[in-house]
There are 2 protein chains.
Amino acid sequence: MSTGTRALELLGLLQNRRHWPSHELARRLSVSQRTLRRDIDRLQELGYPITATRGTGGGYQLSPGASLPPLVLSEDEAAAIVMGLQEITSGPSLMSADAALSAMAKIVQVLPVRIRRRIDSLRAVAVPARNPAARVGITDVASLTTLALACRDTETVEFAYRSRTGQTAARTVHPHHIVRVENRLYLIAWDLDRADWRTFRVDRIGDASRTGTTFAPRPLPADDPVEYVRARIGAMPARYPVRATVGAPAERVREEIAHYGTVEPIDDTSCRVEIAADSLDWATFCIGALDAPVVVHGPPEAIAYMRAWGRRLTAGTQEPP
Amino acid sequence: MSTGTRALELLGLLQNRRHWPSHELARRLSVSQRTLRRDIDRLQELGYPITATRGTGGGYQLSPGASLPPLVLSEDEAAAIVMGLQEITSGPSLMSADAALSAMAKIVQVLPVRIRRRIDSLRAVAVPARNPAARVGITDVASLTTLALACRDTETVEFAYRSRTGQTAARTVHPHHIVRVENRLYLIAWDLDRADWRTFRVDRIGDASRTGTTFAPRPLPADDPVEYVRARIGAMPARYPVRATVGAPAERVREEIAHYGTVEPIDDTSCRVEIAADSLDWATFCIGALDAPVVVHGPPEAIAYMRAWGRRLTAGTQEPP
DNA sequence: GGGCTTGTGGCCGATATATGTCCACAAGTC
DNA sequence: GACTTGTGGACATATATCGGCCACAAGCCC
């Protein structure tokens, strides 16, 4: 074993347990304690914050430092990380999607097929997302990471895109950026067939595959990718733009609704809210959980849906005789 | 720069971009191309799947391999990973909590304070979890990882525990295991003051801190930690054990309820459900979203709460004049 | 095929590094 | 004070590293 691998091995050991006596480490690495000391010295010179304690029960330990060392992960841990990042990109997280995507790209790129398959199978049997927020924007990891890698490497990709009308068509694009807008991921790309910029909802993309050919990145016709996507999708109406008047102070309502909709005060005790929802269940939950008198103005299907909820709940909650 | 750091640096570069021409890598590492070749050789001997392409547009690239190499992450990426893992441990994920926790422990252990603070602040301004599923089992990352690290290192910990009645008391324990049961994390530990085994809900633990003293692990009085926790908490009743009769086939209802409750068929068109909920909003959502006639039997506060929802929704959804 | 680019790998010699052993010492615990 | 455990200097020896040089192989473009 060379010195380089030994350093990595040592790092892995130090990451797996907090406390290591010197003789134990030396034994595991099959070197003398003197050499181990020198290895530790080297790591410390590289900035790794390894502290040592002397005396009975002494030993070495890795503590938080100034920079982030390379992580030596087990397969299970890697799988867990990918699952977690997937959750972040498709959930209502405040974390930047950029960081999550680049981390996922790094991991997936070197992930053995075996583990990748395990992740896929975990997703396949995943619970059907009872919770309406998480139901938004579910994507398969494979396509998502393919797109992320292709963006990073300026590589042409092909995929199948399900349009709003439900038709599926093959697309070949130069991917430019993936951004999250309103809890949903969008791919900004130059569509080769249409010879123009397009935005694609990532959760409607399937079977993404890299072609292997790279391209020279083209400047985006906007300064901020997020603003670009917003402008593009702003034209399209939300599926259920629920409008309602709530008999509660705007401040309190805004706290509850958070960033799922807009709140405008009418007076001190009432306000107008608008929630752009894709699921009527979700919209109903938002309205119902407000715990304040409310009047829903539209759209009609949302009114009908909520009325049905109301009827069911009222009918089902008579006091037992 | 020594050869060891250069190997790490090279690894980082290869993880950050797919394609690297040899001269570019050599320039970045400030070595000759000949030396770079030898470095690549070394990495390949260590099992890294670096492939090279010759000819115009050739270069080196890192591809998926048989084992997982150490990951060189940026600070943003590390923060994203921790957030994602946090999501996994406290959400309705199928991923094993064990792997997520050990990964989190590894990362957090070496995480510079600066990044740790950023994660904390992100959590602080996080949306107040409008979605009821995610609201279950929220924990602060600091306490959770402290416990995970203490379990790993068999180190005594102290923390403040809020009991079911709302009182907070200081505890000193020998942590043994963290398990997830029904979307909630539990710490199994030997309570030093009570001199007996106890299970603690991790989301009720605050201000966890390691004492620095280690202990000899004690065998758990059960074979399977998960079963042990189940047996312990099985005795305690849920906060709101909502019972209801639903006018829909048991199969369909079970699909909707998933694993949030139990479903027992009565006949082909109706069934009895029981949902153990801690939040009345969540219980109401489960019942309301069923889209079937329902009769709620109890508990009384749940009935009252749902009736209020029903009234609000009915009153607020009259057709506009 | 010819010219071009780019990676491969062998060889050499000067230099730097790694390693083990021995030892005196420092800083903790009991 | 005895014991444990990490620290670091010295030294001799074996081995690795590095750059430069060169012939070659494999891909691309004309």
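**Exercise 1. Find which residue of S4(A) stands opposite Glu158(A), then describe the sheet around this pair.**

*Solution.* Start at the pair itself: Glu158(A) has Thr172(A) in S4(A) standing opposite. Keep in mind as you work that this is a predicted model.

Next, look at the two strands. Strand S3 (residues 155-162) and strand S4 (residues 168-181) of chain A are paired in the antiparallel sense, over six bridges.

Now widen the view. The open sheet has five strands in chain A, in the order S6-S5-S4-S3-S7, with antiparallel pairing. At its edges are strand S6 (196-201) and strand S7 (205-214) of chain A, each of which pairs on one side only. From one strand to the next, the twist averages 45°.

Finally, see what packs on the sheet. H8(A) does, touching S3, S4, strand S5 (184-191) and S7 of chain A. The direction of H8(A) makes about 25° with that of S7(A).

**Exercise 2. Work out how helix H5 and helix H8 of chain A are arranged, and which residues meet.**

*Solution.* Take the axes to begin with. Those of helix H5 (residues 97-110) and helix H8 (residues 141-153) of chain A come within 9 Å and cross at roughly 100°. Angles of 65 to 115 degrees count as roughly perpendicular, and therefore H5(A) is roughly perpendicular to H8(A).

Then go to the residues. H5(A) brings Leu101(A), Met104(A), Ala105(A), Val108(A) and Gln109(A), and these meet Thr145(A), Ala148(A), Leu149(A) and Arg152(A) of H8(A). Sorted by class, this contact has six nonpolar residues, two polar and one charged.

**Exercise 3. Decide whether Cys271(A) is buried or exposed, and list what it touches.**

*Solution.* Locate the residue: Cys271(A) lies in strand S10 (residues 270-277) of chain A. Now count. A residue is buried if 20 or more other C-beta atoms lie within 10 Å of its own. Cys271(A) has 23 C-beta neighbours inside 10 Å, so Cys271(A) counts as buried.

For the contacts, leave out residues up to four places away in sequence; Cys271(A) then touches Val246(A), Ala250(A), Val253(A), Val263(A), Glu264(A), Pro265(A) and Ile266(A). Glu251(A) is 20 residues from Cys271(A) in sequence, and their C-alpha atoms are 9.0 Å apart.

To set this in context, 40% of the 321 residues of chain A count as buried. Chain A as a whole has 12 helices and 11 strands.

**Exercise 4. Describe how chain A meets chain B, and which residues come nearest to DNA strands C and D.**

*Solution.* Begin with the two chains: 89 residues of chain A are in contact with 90 residues of chain B. On the side of chain A, helix H4 (residues 75-90) gives the largest share, 12 residues. That side divides into 52 nonpolar, 22 polar and 15 charged residues.

Move on to DNA strand D. Of the 23 residues around DNA strand D, Ser22(A), Ala52(A), Gly58(A), Thr35(B) and Gly55(B) come nearest. Helix H2 (22-29) and helix H3 (33-45) of chain A, with helix H3 (33-45) of chain B, are the elements giving two or more residues to this surface. The classes here are four nonpolar, 13 polar and six charged.

End with DNA strand C, which has 24 residues around it; Arg34(A), Thr35(A), Gly55(A), Ser22(B) and Ala52(B) come nearest. The surface near DNA strand C has four nonpolar, 13 polar and seven charged residues.

Conventions: Residues are numbered from 1 along each chain as its sequence is written. Chains are lettered from A and ligands numbered from 1 in the order in which they are written. This is a predicted model: local features need pLDDT of at least 70, side-chain atom pairs count only at pLDDT 80 or more; totals for chains, interfaces and linings use all residues. A residue is near a molecule or strand if its C-beta atom, placed from the backbone, lies within 6 Å of it. Helices (H or I, at least four residues) and strands (E, at least two) are DSSP runs, numbered from the N terminus. Ala, Val, Leu, Ile, Met, Phe, Trp, Tyr, Cys and Pro count as nonpolar, Asp, Glu, Lys and Arg as charged, and the others, Gly among them, as polar. Two residues are in contact if their C-beta atoms, placed from the backbone, lie within 7 Å. A residue is buried if 20 or more other C-beta atoms lie within 10 Å of its own, exposed if 12 or fewer, and partly exposed in between; C-beta atoms are placed from the backbone. Axes are lines fitted to C-alpha atoms, for helices over the stretch in contact, and angles run from 0 to 180 degrees between N-to-C directions. Angles under 35 degrees count as roughly parallel, over 145 as roughly antiparallel, 65 to 115 as roughly perpendicular and the rest as oblique. Two strands pair if DSSP finds at least two bridges between them.
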